[in-house]
Amino acid sequence: MSSQIERVTMELRRRLLAAELLPGERIREVQFATELGVSRTPLRLALSQLAAEGLLERLPTRGFRVRPFTLAEVTMAIDVRGTLEGMAARLVAEAGASDALLRTLQDCVREGQAVIAAATETGEPVDTGRWAAMNVRFHDALVEGAGNPALVSAVAHIAKNPMAAPGALGVSGVQPLVELAFVQRAQFDHEDVVRAISAGEGSRAESIMREHAHRSRDNKRILVQALQQRGDPT
């Protein structure tokens, strides 16, 4: 079941980002279940995941439709998330991170290293599902570690925008070498911010997280544009 959900989620995400599904278009479950060769249960779970990523919206009368968005809106939302996460990193560094938080962040760093090693050793595309799960844990732990409920709420609100959440990483395999380079750079950022937090360097930790979001914004734009160009017959 989990492999089916992941496959369906990735394929529908690809279609959404490639603009093969139009804004406002209703997702017909019977049609897509047949097309993708799955039952309606994994399809619905995949649709719920895409709604959580801001790419679909739930209809009041059940079902989902494609949520309209522009790359400019994605950019603005990620910029705001970067500002908030930078604030979180600074607060954590200045207050002193707990041992539990540092262990979580360091575990995430090790997981990221393993994901990159697997891709470089096999020549296969980056396992974006595994990276995304780790990335969510890293960013959530950092924000929650700041001990500021208003900050947690603000980040959660921003994450509802399309492609703005830490777990929204695009589509695996579009440009494998480019994707690997992006993930490697993000991994360096994670390692740098953990070192800054451990050293109590609040300003540096804040700067790293803001730059981290800036790169994420640009990377997503590049990958989405590449995906759309691949689907353009001209």
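Guide: Helices are DSSP runs of H or I with at least four residues, strands are runs of E with at least two, and both are numbered from the N terminus. This is a predicted model: local features need pLDDT of at least 70, side-chain atom pairs count only at pLDDT 80 or more, and totals for chains, interfaces and linings use all residues. Residues are numbered from 1 along each chain as its sequence is written, and side-chain values use heavy atoms, leaving out hydrogens and water.

Visitor: Which glycine follows α3?

Guide: Helix α3 covers residues 40–52. After α3 comes a residue with a positive phi, near 85°, and that is glycine 54.

Visitor: How far does α3 reach from its first C-alpha to its last?

Guide: Helix α3 has 13 residues. The expected span is 1.5 Å times one less than the number of residues. For α3 that expectation is 18 Å, and the reach is close to it, at 18 Å.

Visitor: Is proline 42 buried or exposed?

Guide: Proline 42 is found in helix α3, where Leu43, Ala46, Leu47, Leu50 and Ala51 are also buried. Buried means under 20% relative accessible area, exposed over 50%, and partly exposed in between (1.4 Å probe, protein chains only). Because its relative accessible area is 0%, proline 42 is buried.

Visitor: Which residues does threonine 9 contact, leaving aside its neighbours within four places in sequence?

Guide: Threonine 9 lies in helix α1, and α1 is among the elements covering the buried residues of α3. The side chain of threonine 9 also reaches the backbone oxygen of isoleucine 5 at 2.6 Å. With contact meaning heavy atoms within 4.5 Å, the residues asked for are Ala46, Gln49 and Leu50.

Methods: Polar contact = N/O pair within 3.5 Å; in protein donor to acceptor, adjacent residues only side chain to side chain.
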